[in-house]
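This briefing concerns strand pairing and helix packing in one protein model. Please view the structure before reading the points below.

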Amino acid sequence: MSSRKPLIYTDLDGTLLDHKTYSFAESLPALAAAQDRGIPVIFCSSKTRSEIEHLRRQTQVKAPFIIENGGAVIIPAGYFPFFTAEQTQTGHPTLAFGTPYQTLVSKMQELQSAFPGRIVSFYEMTEEEVARDCSLTLEEARRAKQREFDEPFRLVNSDADMVIRITDTIRQLGLFCSQGGRFYHLHGHNDKGAAVRILTHLFQQAYGDVFTVALGDSLNDLPMLASVDYPILVKKPSGKHDATLIKLLPNVHLADGIGPKGWREAVTDLLDILAADC
């Protein structure tokens, strides 16, 4: 491992960030230690570009990042000298893989017509409603609504059979559904894993052989966790690991702590292993 460049991919809500408060205070010491060692920490989340850019400024993370469940990979300008791609108004080259948001909203409206009263979707919620529902400030809710490739939604009074009917209909519409910590997510033919593999290839071009790590907590992290060398699962707020992920990932490593506490412990242990291996 000593000759391989480590990369740390991480989910945000419920993993690096506290599920209720969205605080990164508990994970920050390990995050700072990883950055001090020159290890890229790559945010990979259902969050929007605006939300993640704000968090990157707060944490001083400089690495590329993956938005909206793999909808796009954002490469900071000049990060890879060999890399060129279309630049957005932020100046960052973007590799977009997701279905455009207006198409998702149109399909969501079809879905809501097929299941009246069963689905509450992000596009129809005001900033005030998002803030109240997600325990966000109005400014945070505004950033959360600046969506490009992913539409969060909740199901209302829906049993297991109804969930199956709705997800089957989503597939018939040519789209996909992922389940995160708070919401279901409607999106196109993209996921965290595909984006991780593409970004890892760029890092391989830059550094040669790499050693990939990922941390997550929920089912929508499965593609990401399955695409790395060393997947780590932190505990959910219930104090338990996601049982389905454990079954589907026989090589997953289980962190002892909940959310950011588990993140800190797992990354600290990883850094110790890397130091001993040098």
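Which residue in strand 10 stands opposite Ile 8? It is Val 213. The model is predicted: local features require pLDDT of at least 70 and side-chain atom pairs pLDDT 80 or more, whereas totals for chains, interfaces and linings use all residues. Residues are numbered from 1 along each chain as its sequence is written, and side-chain values use heavy atoms, with hydrogens and water left out.

**Strand 1 and its partners**

- Helices (H or I, at least four residues) and strands (E, at least two) are DSSP runs, numbered from the N terminus.
- Strand 1 (residues 5-10) runs parallel to strand 10 (residues 210-216), and six bridges join them; two strands pair if DSSP finds at least two bridges between them.
- Three bridges link strand 1 with strand 2 (residues 41-43), also in the parallel sense, and Thr 10 stands opposite Phe 43 in strand 2.
- Between strand 1 and strand 2 the chain passes through helix 1 (residues 28-36), forming a right-handed β-α-β crossover; right-handed means that, with the strands pointing away from the viewer, the path from the first strand over the helix to the second runs clockwise.

**Burial of strand 1**

- Six of the six residues of strand 1 are buried, so this strand is largely enclosed by the rest of the structure; buried means under 20% relative accessible area, with a 1.4 Å probe and protein chains only.
- In a regular strand the side chains alternate between the two faces of the sheet.
- Both faces of strand 1 are covered, with Lys 5, Leu 7 and Tyr 9 buried on one side and Pro 6, Ile 8 and Thr 10 buried on the other.

**Helix 1 against helix 10**

- Helix 1 and helix 10 (residues 259-277) pack at about 30°, with their axes 8 Å apart; axes are lines fitted to C-alpha atoms, for helices over the stretch in contact, and angles run from 0 to 180 degrees between N-to-C directions.
- Helix 1 is therefore roughly parallel to helix 10, a term for angles under 35 degrees.
- Residues meeting across this pair include Ala 30 and Leu 31 in helix 1, and Trp 263 and Val 267 in helix 10; contact means heavy atoms within 4.5 Å.

- An open sheet of three strands has the order 3-4-5 with antiparallel pairing; strand 3 (65-67) and strand 5 (94-96) are its edges, each pairing on one side only.
- Helix 2 (residues 49-59) packs on this sheet, touching strand 3, strand 4 and strand 5, and its direction makes about 150° with that of strand 3.

Technical notes
Buried < 20%, exposed > 50% of the residue type's maximum accessible area, 1.4 Å probe, protein only. Parallel < 35°, antiparallel > 145°, perpendicular 65-115°, else oblique.
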